[in-house]
Amino acid sequence: MPFDVQDLSGTFSVGDIAIALSLSFVLSAMIGWVYRFTHRNVSYSQSYVQTLVILGMLIALIMLVVGSNIARAFALVGALSVVRFRNAIKETRDVGFIFLVMGVGMAAGTRFYTLAIVAAVAICLIILVMYRFNWFASSIQRQVVKVQVPPDGDYTAHIQDVLIAHTGEFELVSMESIRGGALTEMMYTVRLKKGHGPGDLITALGERTGGQRVTVLTGYDQTDL
């Protein structure tokens, strides 16, 4: 019995494939450059940006395959549901860029070319404006203070006395036993008073902790004693 091989590629032309993939690549690459330019922290990942570009083109390909066939769409959803991603998203804005390239890829793959171009350019411009004018930035800078003390002795009261003198407000976030119970580590979030720097706080805490380690984490720096 001969096999009946049917090629369904005729539902879209070679030109449709070239335009969808090329447009999704250009727009996803533009989004990747905007992400790189506006990234502030030290967690930048080249592989993540490359994944954004690949994801945009992949979504365009999937939308070409699905077309207007509902059964095919459900089959692809079932096939893709077995995929599991184990890498944690480091920043919430990374999720936004993922959805952005997915939306652009969907628009390009369904041949809404003008929509894909206008939406990608408009959203990227908004991201650049928010970056340029530093929208929604908080004027209150907080630090994280980690203090290690011996388990015996009333060190908590001494530490809080130092924090009261050097900070406008503080809050105990966690307390845990480390090094097999040899030390207790306490973590605070604090807001330093005007005229008080991280070095002053570290020096004052070091005098009350029996020479154990004190760490102050600011927005971009880490200071240790």
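**The nonpolar core and its surroundings**

Modeller: Beyond its neighbours within four places in sequence, Leu-27 is in contact (heavy atoms within 4.5 Å) with Val-104, Ala-116, Ile-117 and Ala-120. The model is predicted, so to speak of local features a pLDDT of at least 70 is needed, and side-chain atom pairs count only at pLDDT 80 or more, while totals for chains, interfaces and linings use all residues. Residues are numbered from 1 along each chain as its sequence is written, and side-chain values use heavy atoms, without hydrogens and water.

Leu-27 belongs to the largest nonpolar core, which has 23 residues. Such a core is a set of buried Ala, Val, Leu, Ile, Met, Phe, Trp, Tyr and Cys residues joined through side-chain atoms within 4.5 Å; buried means under 20% relative accessible area, exposed over 50%, and partly exposed in between (1.4 Å probe, protein chains only). Leu-27, Ile-31, Tyr-48, Phe-97, Val-104 and Ala-116 have the most contacts inside this core. At least two of its residues come from each of H1, helix H2 (46-66), H4 and H5, and H2 supplies the largest share, 8 residues. Helices (H or I, at least four residues) and strands (E, at least two) are DSSP runs numbered from the N terminus. Another core, of 17 residues, lies apart from this one and includes Val-145, Val-162, Met-186 and Leu-192. In soluble globular proteins, nonpolar side chains tend to be buried together.

Charged pairs come next. The whole structure holds 2 salt bridges, each being a side-chain nitrogen of Lys or Arg within 4 Å of a carboxyl oxygen of Asp or Glu. In one, Asp-16 and Arg-111 meet at 3.3 Å, N to O. This pair links distant parts of the chain, 95 residues apart: Asp-16 is in helix H1 (residues 14-38), and Arg-111 is in the loop between helix H4 (92-109) and helix H5 (113-132). Asp-16 is buried, at 17% relative accessible area, whereas Arg-111 is partly exposed at 39%.

In the other, the closest N and O atoms of Arg-191 and Glu-169 are 3.2 Å apart. Arg-191 lies in strand E3 (residues 183-192) and Glu-169 in strand E2 (residues 167-178), so the pair ties together parts 22 residues apart in sequence. Arg-191 is partly exposed at 27% relative accessibility, and Glu-169 is partly exposed at 34%.
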